[in-house]
Amino acid sequence: MKLYSKGVYLINGTELVEDNADAATILKNRTGEEITADGARKQTIAYGILKAHNTSGNMEKLQIKFDKLTSHDITFVGIIQTARASGLEKFPIPYVLTNCHNSLCAVGGTINEDDHMFGLSCAKRYGGVYVPPHQAVIHQYAREMLSGGGKMILGSDSHTRYGALGTMAMGEGGPELVKQLLSQTYDIDMPGIVGVYLTGKPQKGVGPQDVAIALIKEVFANGYVKNKVMEFVGPGVENLSVDFRIGVDVMTTETTCLSSIWKTDAQVKEFYEIHGRGGDYAELNPGKAAYYDGMIELDLSAIKPMIAMPFHPSNAYTIEELNANLTDILADCEKKAQVSFNGAADLNLKEKIRDGKFYVDQGIIAGCAGGGFENICDAADILDGASIGADAFTLSVYPASMPIYMELVRNGAAAKIMATGAVMKTAFCGPCFGAGDTPANNGFSIRHSTRNFPNREGSKVQNGQIASVALMDARSIAATAARKGCLTAATDVDANFTKPKYFFDKTIYENRVFDSHGVADPTVEVKLGPNIKDWPKMAELTDNLLLKVVSEIHDPVTTTDELIPSGETSSYRSNPLGLAEFTLSRKDPAYVGRAKEVQRAEKVREDGGHPYDALPELKDAVDVILTKFPDANERNTGIGSTIFAVKPGDGSAREQAASCQKVLGGWANIAHEYATKRYRSNLINWGMLPFLIPEGELPFANGDYLFVPGIRKAVEEKAQDIAVYAVKDGALKEFHMTLGDLTDDEREIILKGCLINFNRK
């Protein structure tokens, strides 16, 4: 794999020309025309799609309107509640509500099914589509029923990626969907576009997850594609089935790119025809001379079976490399666990070495990444006639939709899998975020799913319980299962891949999915279960701010799972106050209590009282502040909390990573860098200041008070430099922060206190 350090031209889809002193001559010789970078940028597939959806008239400052929206059952309640508070009357574009995260309804009594009934009633009232539990995971339904060549889809799940089907899709926090529901726009600067030039053909036994993990390993840490669009081109594309392309595409989220798009061909056309939607296909190719801001050259034939060890998809090795260096690599994982969990639980992976072989405890093939038809058929062929054994090892397989499940039953693949002792389950995203097939303490699970962050598999580290997940391709998981848990690459088994043809039967959807066909019925009452709560009142930004630092995180990257855990918290995603109790619970259990102390003082201030009555320690800090800023008082100075993290927000699009802090009185985050555009947007949409401080600087500590004079004026006047004062040892220590680029609407949202206030009639 090669990463180019400069921009690259792609000529006629088959030749790469690096942007250097000789480029102009080479381009003229190849095309017979004068080619410039500015002109060639417009020849990418991505540029054409973005232009078609941009409403600003300025391709440097995009204002995008999407064709369709999609959400699942731990996001759609909050989104619709926010939109309802802002005057929603009907869904202006198709909005699909799927139920694949809380679909088990096994936690929280009636809570989860209440959310589903809320979704069904809203689909009827506002004119949407409702996909009942167990029918399909969000992204598979979108592939089967929503995607379209040259279209754009916005989803409230971070793995909203349908680029392999010619659809540019993005996963964002809920407030960005709210804007679309209110006929507003998705505002971003024109993103960079990075080409992924594929050559060769995968070895037998190598699957899409192997390619994806190898790609993530190369580009995550260096930020090569961060907030950019990845465009897959080159002759290698045609050597991949559509299912294979989909499996690579969905994992591009883990590179931190903004979105993805692929060139399309006859195989993609056939995919649409199989699904009865031939008219939604569009042939997409870059122009004869397309310019990319970066280029990844990837030889598919060089990819070997991969494993992403805990605790990130980029912590990757070939399975061959892991088996050859077991002791060292496992020791490194154990060390990382100690750092990540602050010694609260002990991970012992070396005990899983038996006779020089590594034995895992569990295999999972599931969700939007692993639950595809081809993945499961290939796994079934490897498992044909095998046994997973009667010991601790287990294997569960979750087809991504009921139509896929039906075809697996009809062609016999399901029977092959079940005969081994493995279990076939319905479409469910739980294994991807810790709500299904949670391993035993110290268990090690190999999964064809999307993420293996700390805690994501269901660990409760503060209770001393820890498990870990490695990501692998379905084929190598099946090869491992056939050897009863002994880690094995699929290239080391001699399987006969039958590659059965897929037949899509939409009867299930016709019988079970509610589709309003865009017709709203305002007579339908929205069903609100007792756990579905409105967002609490949120105040406007005051002239000045007094912030208390209530958490300090120095991990290189902080995931949204650590900011608000997944798993058992899912039942409270419709209850802002209930969910907020879990904020940072696995990373900094003291955070909630500290934040609430500060919030009580702010509530007293808002009610016209003296904040010192609720938080006596404030008086010492205020006395110091008044020596330099005598005009600061309870009327013009808000009191709130903030956290510092080096690089927060990797991973999920969940808005609650920000909104929970806001619900607890948070007014800001302070970071050296934000891991994703998604998380920063979530902060802004919940009225929180996304402060940036230069790397290496940290003139405050957990528990310190920070005074930000004139912050409202600074936001209004687009100040690039903001003076802040830390109260230290009875004196004020001045330092400076920035807010980064903000659109006019984003500034107004922060001034108003949140997106709800911004839109409230």
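This is a predicted model: local features need pLDDT of at least 70, side-chain atom pairs count only at pLDDT 80 or more; totals for chains, interfaces and linings use all residues.

Residues are numbered from 1 along each chain as its sequence is written, and side-chain values use heavy atoms, without hydrogens and water.

**The largest pocket**

Select Ile 188, Asp 189, Arg 680, Asp 741 and Glu 746, the closest to the pocket centre among 26 lining residues. The volume of the largest pocket is about 790 Å³. Its lining holds 13 charged, eight nonpolar and five polar residues. Next, colour α27 (744-752), one of the elements that give two or more residues to this lining; α27 supplies the largest share, four residues.

**Helix α15**

Move to residues 402-411, where Met 402, Pro 403, Ile 404, Tyr 405, Glu 407 and Leu 408 are buried (under 20% relative accessible area, 1.4 Å probe, protein chains only). Display α6 (138-145), α14 (373-383), α16 (413-419), β22 (423-424) and α19 (507-512), against which the buried residues of α15 pack. Gly 412 follows α15 and has a positive phi, near 90 degrees.

**Cysteines**

How many disulfides (cysteine sulfur atoms within 2.5 Å) does the model have? The count is zero. Select Cys 257: the nearest cysteine sulfur, that of Cys 368, is 14 Å away. Cys 257 is buried, at 1% relative accessible area. Finally, select Cys 486, for which the nearest cysteine sulfur, that of Cys 333, is 17 Å away. Cys 486 is buried too, at 2%.

Notes: Buried means under 20% relative accessible area, exposed over 50%, partly exposed in between (1.4 Å probe, protein chains only). Contact means heavy atoms within 4.5 Å. A disulfide is a pair of cysteine sulfur atoms within 2.5 Å. On a 1 Å grid over the protein atoms alone, a cavity is a set of points where a 1.4 Å probe fits but cannot get out, and a pocket is an open set with protein on both sides within 12 Å along at least five of seven lines; lining residues have an atom within 4 Å of a point. Grid points are joined across faces, edges and corners, and a volume is the space filled by probe spheres set on the points. Ala, Val, Leu, Ile, Met, Phe, Trp, Tyr, Cys and Pro count as nonpolar, Asp, Glu, Lys and Arg as charged, and the others, Gly among them, as polar.
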